[in-house]
Amino acid sequence: MIDWDLAISTGVRFARQGPQVSLADARAVVAELRGLTAVVQQPVRDVTGLTSQGSVGPVAVVDRPGWIRANVGGFRVVLEPLAEKLSERSNVVPAAGSVVGVVGSRVTGVQAGLILAYLSSRVLGQYELFLPPGEGGVAGGNGSSSNGAGTGAPGVGRLTLVAPNIVMVERELGVEPHDFRRWVCLHEETHRVQFTSVPWLRDYVQNMMSEFLLASDLDPGAIVERLRAAAGAVAGAVRGGDGESLVEAMQT
């Protein structure tokens, strides 16, 4: 349905450059963010009263291409049930390897990549709940870093921080960098403790999403049209168009 490798290459190609920082400054930002993720763990647990059950999963500090690569893995996990359902509709879905199937998957791959490129410059951080089995780290790019690579397991997510976006926003707001970075880490750590402290929550969320997708009557044509609408809204937003249309497109 979607050529994910092409989505990654397209997203990385069209992702905007982050703010200009020296290599030394980039390394300092990464180190500070990684240190703050450890510092904020106890305050979050003190306030929420929640205690993680077992491993809390790795932490990754990435650049924009690293965020794109990381999210494609999660998208594949979430969308797999829908893709399997569509593949069963032999009268609707082109046969594997057919010209129509290959071209269609490449078109949607490019469109998905454009959406990822747009979003990659706006996300400060996230708790990645859905990781491919066995994946525990992110291959980052300039100024990026990760730990716990290869140590992930089903049921363990990953706290991800997008360093260039954090630097960009703190500069735009004119705030104290250390305080802003600590706030971002507190926000994302709160999400992580939610899912690592309640053993059933991750599977519950994934099952609810799968049920929603499998209950859908969407066919491949409708999905392609929605991707086209979202990609068109992204292009309009980049050109300075109406932001509301982008939100509406993403909601579908």
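**Reading burial, contacts and packing**

Guide: Met208 counts as partly exposed, because its relative accessibility is 43%; buried means under 20% relative accessible area, exposed over 50%, and partly exposed in between (1.4 Å probe, protein chains only). This is a predicted model, in which local features need pLDDT of at least 70, side-chain atom pairs count only at pLDDT 80 or more, and totals for chains, interfaces and linings use all residues. Residues are numbered from 1 along each chain as its sequence is written, and side-chain values use heavy atoms, with hydrogens and water left out.

Visitor: In which helix is the place of Met208?

Guide: Met208 lies in helix H8 (residues 201-214); helices (H or I, at least four residues) are DSSP runs, numbered from the N terminus.

Visitor: How is a pair of packed helices described?

Guide: Two packed helices are described by the angle between their axes and by the distance between the axes. Here the axes of H2 and helix H3 (residues 41-48) come within 4 Å and cross at roughly 30°. Axes are lines fitted to C-alpha atoms, for helices over the stretch in contact, and angles run from 0 to 180 degrees between N-to-C directions. H2 and H3 are therefore roughly parallel to each other, a term for angles under 35 degrees.

Visitor: Which residues of H2 and H3 meet?

Guide: Thr37, Ala38 and Val39 in H2 meet Gln41, Gln42 and Pro43 in H3; contact means heavy atoms within 4.5 Å.

Visitor: Is Leu33 buried or exposed?

Guide: Leu33, in helix H2 (residues 23-39), counts as buried because its relative accessibility is 0%. Apart from neighbours within four places in sequence, Leu33 is in contact with Val61, Leu161, Ala163, Ile166, Arg181 and Cys185.

Visitor: Which residues of helix H6 are buried?

Guide: In H6 (residues 163-173), the buried residues include Ala163, Pro164, Asn165 and Ile166. Asn165 has a relative accessible area of 0%, and its contacts, leaving aside neighbours within four places in sequence, are Arg64, Ser120, Ser121, Arg122, Val123 and Leu124. Just after H6, Gly174 takes a positive phi of about 70°.

Visitor: What does Glu189 touch?

Guide: Glu189, in helix H7 (residues 177-197), is buried at 0% relative accessibility. Not counting residues up to four places away in sequence, Glu189 touches Thr37, Val40, Gln41, Val44, Arg45 and Leu159.

Methods. Helix = DSSP H or I, 4+ residues; strand = E, 2+ residues; numbered from the N terminus. Parallel < 35°, antiparallel > 145°, perpendicular 65-115°, else oblique.
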